[in-house]
Amino acid sequence: MRIWFKLFKDNHLLKDTVITDDSDDTRTHKIFRALEEVCYEFDLSKPLWLDSTISEFKRHSKARFYQDNFVDDIDFDFLEIHVIEE
């Protein structure tokens with residue numbers, strides 16, 4: 001599985017990275033582990049999965065984490081997660 005993470009501010013891409021996980025773990029565990037890894041790499045607090053975020057991710061394998069998803073203040077507009085290969 002490959003998951004692409006992107007940080008945006010004012011419609012500009014600030015940072016991006018792709019996390020690859022070839023383990024035999026479940027899809028959910030792979031996604032949570034990749035999100036944890038990217039938050040460490042980008043020096044972010046872990047975002048909360050709101051109902052709207054979960055719904056969007058289930059439909060499109062893609063979701064955006066806005067300020068509402070973070071406990072701390074963020075200096076970007078959103079973090080996007082996108083499963084690009086299963």
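**Figure 1. Thr53 in helix H2.** Thr53 is found in helix H2, and this legend, like those that follow, describes a predicted model. With a relative accessible area of 3%, Thr53 is buried, because buried means under 20%. Setting aside neighbours within four places in sequence, the residues in contact with Thr53 are Ala63, Arg64, Phe65 and Asn69.

Figure 2. The protein chain has 2 helices and 4 strands. Along the sequence, these elements follow the pattern β-β-α-α-β-β. The radius of gyration is 12 Å, close to the 12 Å that the globule rule gives for 86 residues, so the chain is as compact as a globular protein of that length. Taken along the principal axes, the box filled by the C-alpha atoms is roughly 35 × 25 × 20 Å. Of the 86 residues, 36% count as buried. The chain exposes about 5600 Å², and carbon and sulfur atoms supply 47% of that area. Among contacts with a separation of 6 or more, 45% come from residues 24 or more positions apart.

Figure 3. How many aromatic pairs does a search of the whole structure find? The search finds 6. A pair of aromatic rings is described by the distance of the centres and the angle of the planes. For Trp49 and Phe57, the centres are 5.6 Å apart and the planes stand at 75 degrees, so this pair is edge-to-face. Trp49 counts as partly exposed, at 24% relative accessibility, whereas Phe57 is buried at 6%. Both rings belong to one aromatic cluster, which Trp49 and Phe57 form with Phe32 and Phe65.

**Figure 4. The Phe70 and Phe76 pair.** Here the ring centres of Phe70 and Phe76 lie 5.8 Å apart, with the planes at 90 degrees, so this pair too is edge-to-face. Are these two residues buried or exposed? Phe70 and Phe76 are both buried.

Figure 5. Because Lys6 lies in strand E1 and Glu80 in strand E4 (residues 78-85), the pair ties together parts that are 74 residues apart in sequence. Lys6 is buried, and so is Glu80; the relative accessibility of Glu80 is 2%. Arg64 counts as partly exposed, at 32% relative accessibility. Through shared partners, these salt bridges join Lys6, Arg64 and Glu80 into one network.

Figure 6. Side chains of opposite charge can pair when their charged atoms come close. In this view, the side chains of Lys46 and Glu36 meet in a salt bridge at 3.6 Å, N to O. Lys46 lies in the loop between H1 and H2 and Glu36 in helix H1, so the pair ties together parts that are 10 residues apart in sequence. Glu36 is partly exposed, with a relative accessible area of 44%.

**Figure 7. Leu48 and a nonpolar surface patch.** Leu48 is found in the loop between helix H1 (27-42) and helix H2 (51-60). Leu48 is partly exposed, at a relative accessible area of 42%. Together with Leu50 and Val71, Leu48 makes a nonpolar surface patch of about 270 Å².

**Figure 8. Two loop residues with positive phi.** Asp10 is found in the loop between strand E1 (2-9) and E2, and its phi is near 50 degrees, a positive value in a residue other than glycine. Asp43 lies in the loop between H1 and H2, with a positive phi near 60 degrees. Asp10 counts as exposed at 55% relative accessibility, and Asp43 as exposed at 70%.

**Figure 9. Thr17 in strand E2.** Thr17 lies in strand E2 (residues 12-20) and counts as buried, at 14% relative accessibility. Neighbours within four places in sequence aside, Thr17 is in contact with Ile3, Trp4, Phe5, Val38, Glu41 and Phe42.

Key. Residues are numbered from 1 along each chain as its sequence is written. This is a predicted model: local features need pLDDT of at least 70, side-chain atom pairs count only at pLDDT 80 or more; totals for chains, interfaces and linings use all residues. Side-chain values use heavy atoms; hydrogens and water are left out. Patches are made of residues with over 30% relative accessible area and no salt bridge: like charges are joined within 9 Å, nonpolar side chains (Val, Leu, Ile, Met, Phe, Trp, Tyr) within 5 Å. Accessible areas come from the Shrake-Rupley method with a 1.4 Å probe; for residues, only the protein chains shown count as cover. A salt bridge is a side-chain nitrogen of Lys or Arg within 4 Å of a carboxyl oxygen of Asp or Glu. Buried means under 20% relative accessible area, exposed over 50%, partly exposed in between (1.4 Å probe, protein chains only). The radius of gyration is taken over C-alpha atoms; the globule rule is 2.2 Å times the number of residues to the power 0.38. Contact means heavy atoms within 4.5 Å. Rings of Phe, Tyr and Trp (its six-membered ring) pair if their centres lie within 6.5 Å; planes under 30 degrees apart count as stacked, over 60 as edge-to-face and the rest as tilted.
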